[in-house]
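The structure is shown first.

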Amino acid sequence: MITYETLEETLSKPELGTYTAFAIRAYEEKDGKQITLSHISDVFLNKAEAEHFVELCNRLQLDIIHLPDVIEDALAGAFSN
């Protein structure tokens, strides 16, 4: 089973300076170890939005093949309250 989580990152870009962002990580457990299947950096700037996104992915058991498209939809506002 794939599990999604959010990871806090401190990033730096010349045009923005240093900032905090949240990555999305997908992993599965095998033999007691977490195997990273995907790590997409710098997705969200808001922790609550990142956590809500991850909660939906886990609850709906999102197939990893759809992760990039679902992130794109989320950033376009498709999952806004």
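Does glutamate 55 count as buried, partly exposed or exposed? At 37% relative accessibility, glutamate 55 counts as partly exposed. The model under discussion is predicted, and the sections below place this residue in its context.

## Overall architecture

The chain contains 2 helices and 3 strands. Read from the N terminus, its elements follow the order β-β-β-α-α. Along the principal axes, the C-alpha atoms occupy a box of roughly 40 × 30 × 20 Å.

The chain has 81 residues, of which 30% count as buried. It exposes about 5500 Å², and carbon and sulfur atoms supply 50% of that area. Among the contacts in the chain with a separation of 6 or more, 40% come from residues 24 or more positions apart.

## Strand pairing

Strands β1 and β2 pair in the antiparallel sense, over 12 bridges.

## Salt bridges

Side chains of opposite charge can pair when their charged atoms come close.

Glutamate 5 and arginine 25 form a salt bridge through their side chains, with an N to O distance of 2.5 Å. Because glutamate 5 belongs to strand β1 (residues 2–13) and arginine 25 to strand β2 (residues 17–30), this pair ties together parts that are 20 residues apart in sequence. Glutamate 5 is partly exposed, at a relative accessible area of 23%, whereas arginine 25 counts as buried at 10% relative accessibility. The cut-off that places arginine 25 in the buried class is 20% relative accessible area.

A further salt bridge joins aspartate 42 and lysine 13, whose closest N and O atoms are 3.2 Å apart. Aspartate 42 is in strand β3 (residues 33–44) and lysine 13 is in strand β1, so the pair links parts that are 29 residues apart in sequence. Both partners are partly exposed: aspartate 42 has a relative accessible area of 27%, and lysine 13 has one of 32%.

Arginine 59 and glutamate 55 also meet in a salt bridge, at 2.9 Å from N to O. Both residues lie in helix α1 (residues 47–59), 4 residues apart, or about one turn of the helix. In this pair, arginine 59 counts as exposed at 52% relative accessibility, while glutamate 55 counts as partly exposed.

In soluble globular proteins, nonpolar side chains tend to be buried together. The largest nonpolar core of this model comprises 15 residues, and the members that touch the most others are Tyr4, Ile24, Phe44, Phe53, Leu62, Leu67 and Ile71. The elements that contribute two or more residues to this core are β2, β3, α1 and α2 (67–75).

Which residues does isoleucine 24 contact, leaving aside its neighbours within four places in sequence? Isoleucine 24 is in contact with Tyr4, Glu5, Ser38, His39, Ile40, Val43, Phe44, Phe53, Val54, Leu67 and Ile71, once those neighbours are set aside.

Methods. Residues numbered from 1 in each chain as written. Predicted model: local features only at pLDDT ≥ 70, side-chain atom pairs only at ≥ 80, totals over all residues. Heavy atoms only, no water. Salt bridge = Lys/Arg side-chain N within 4 Å of Asp/Glu carboxyl O. Buried < 20%, exposed > 50% of the residue type's maximum accessible area, 1.4 Å probe, protein only. Pairing = 2+ DSSP bridges. Core = buried A, V, L, I, M, F, W, Y, C linked by side-chain atoms within 4.5 Å. Contact = heavy atoms within 4.5 Å. Areas by Shrake-Rupley, 256 points an atom, 1.4 Å probe, with all protein chains shown as cover.
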